[in-house]
Amino acid sequence: MAARPVSRMLQRVLRSSVRSSSSGAPVTQHPHGEPSRTAAEGLSRRRQFLREHGAPFSAFLTDSFGRQHSYLRISLTEKCNLRCQYCMPEEGVPLTPKADLLTTEEILTLARLFVKEGVDKIRLTGGEPLIRPDVVDIVARLHQLEGLRTIGITTNGINLARLLPQLQKAGLSAINISLDTLMPAKFEFIVRRKGFHKVMEGIHKAIELGYSPVKVNCVVMRGLNEDELLDFVALTEGLPLDVRFIEYMPFDGNRWNFKKLVSYKEMLDTLRQRWPELEKLPEEASSTAKAFKIPGFQGQLSFITSMSEHFCGTCNRLRITADGNLKVCLFGNSEVSLRDLLRAGASEGELLRIVGAAVGRKKRQHAGMFSIAQMKNRPMILIELLLMLQDSPPAIPSISSQDPFRIQGIRHRVSFSNQMATLWKGGWVLQTPVLAQWRLGSGCPQRHCSSHLDSNANTKCLSAVSQAPATPSGPLPPSDHLTHVDTEGRAAMVDVGRKPDTERVAVASAVVLLGPVAFRLVRENQLKKGDALVIAQLAGVQAAKLTSQLIPLCHHVALSHVHVQLELDSTRHAVGIQASCRARGPTGVEMEALTAAAVAALTVYDMCKGVSRDIVLGEIKLLSKTGGQRGDFQRT
């Protein structure tokens, strides 16, 4: 350790007025007006000198397997303004009394100690770190520490747009933002709170201020958001994003289930079907992410494979919880209280010996996904927001004049698709979609609910009065037998093994006649059970994905797109439902579309049955299908 003061002296001699930053730092901001080229050259010379003359790494932060821990994550608070289902139990968690949490001075004392020993990157986490009142001051004081090259923050993005200009000025150089869905209604279902548009504004603000890349963390959960992988990746085409897909991980209270896990290889296979040119990028030392890029895209994507392919062998991370405990492994349940040592008056040397002993006991790797699931560990909220790395549904507010979508008279829900990068470039103000301009009936404000906005989706909503007969648009060879019955009359699943893969699209519809009382409550979103349109839309999407489990002889279809749309028809006091499904494979998706429409209709009934039992479900029908050997079909 004798060489450490020499290293610090060299750093002071070489210290430039422009602070060192990571690849996520703003590259267009120069606080003292120096030219970008001069700053970059000075920074390059400084880093080269330190590499050649730097002191040996601290023995206290080196474990028995030779891993050097140069990255410290500090939780600023246990509190959070969201209730993410994978992060916190629905009933919440018991919070540590304020007196037992680290004070600002204690946080800075520990940070200073670790930086002196070789930590060059600190990430502030939570809970939600941006709800801590003095977070800007903490960043500014960390920025003054000699040898600290990167100050990052992991946030849910709710307060980011408001605070980021101050944080950037204070010295924040890297940002990770959690976002698990591009569908506003599903966002509220996952996090149990409102705030989708605030997160989007935060991401846009980070891009505007020059952060590149802006890391977006998406925890992928089967049956919830794995169908949005393509939409997330499409954002990287025109935006400097690093979309990071995180395997669902077990923590106390999140009801982890192996069946919810979507593995890295499964996600990668899905993306390669759409972008076969996807190429792997070189892995950085101690990186937790497997990075990929689509040629020609501005951003990139990554996978955090904590469960299926751990990265323990190169782990360089330590964590300090909000109550001052040191965790050497995110998945470990052993902790040592640095807070108690500080408050007992321990010297710097005593603190280092305790830290060194804890680091020295760090295991080669975590116990594996199945053992971790049985292990007692803190809920993620009490460690940090899903290493954000790894880092039910309330009603959506009515659109007002302040709404970023600028849609008047319509309560509109819409998600993102391949169009989103283009929309963001316009400053995160979307123009009124065609769907929002279409009116069924007249004389009253209309409500509309759409699970997806897609360039290939049918943008004209269901016209419930149309009942013209079906006419096939192409050859439809007649069949003189039921395809799901064998020669002896027994039920049998059709063998599709020899059928060619083709692009399959199907659209189905349904109508729910509510009556005037229930219709008024749905239109005004006054039902006691919540927002009927939002719940029905989510139910339809989920049902489409579960069709093969509901209909015995249906094949499982890997859907690439599901779109469920609900519109109010004031002339009939009805809800019109339209569902479209798309997939590439050997079998059609008519059943998926019909199931989505039918279940969405049933859900509307369930939401309204307390008001009236005189509700009629009907007109469940296939509107169109394309692909397959039997030709296309179009109901006109």
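**Reading local features**

A: Leu 550 is found in helix α18, residues 547-550; helices (H or I, at least four residues) and strands (E, at least two) are DSSP runs, numbered from the N terminus. This is a predicted model, in which local features need pLDDT of at least 70, side-chain atom pairs count only at pLDDT 80 or more, and totals for chains, interfaces and linings use all residues. Residues are numbered from 1 along each chain as its sequence is written, and side-chain values use heavy atoms, with hydrogens and water left out.

Q: How are two packed helices described, and at what angle do the axes of α17 and α19 cross?

A: Two packed helices are described by the angle between their axes and the distance between the axes. Here the axes of α17 (residues 532-545) and α19 (residues 590-608) come within 7 Å and cross at roughly 150°. Axes are lines fitted to C-alpha atoms, for helices over the stretch in contact, and angles run from 0 to 180 degrees between N-to-C directions.

Q: Which peptide bonds are cis, including one that involves Pro 213?

A: Most residues other than glycine have a negative phi, and most peptide bonds are trans. A cis bond joins Ser 212 and Pro 213, with omega about 0°; Pro 213 is in the loop between α7 (196-208) and β5 (214-220). The bond from Gly 126 to Gly 127 is also cis, with omega near 10°, and Gly 127 belongs to the loop between β2 (121-125) and α4 (135-142).

Q: What is the phi of Asn 525?

A: Asn 525 is not a glycine, yet its phi is positive, about 55°. Asn 525 lies in the loop between α16 (516-523) and α17.
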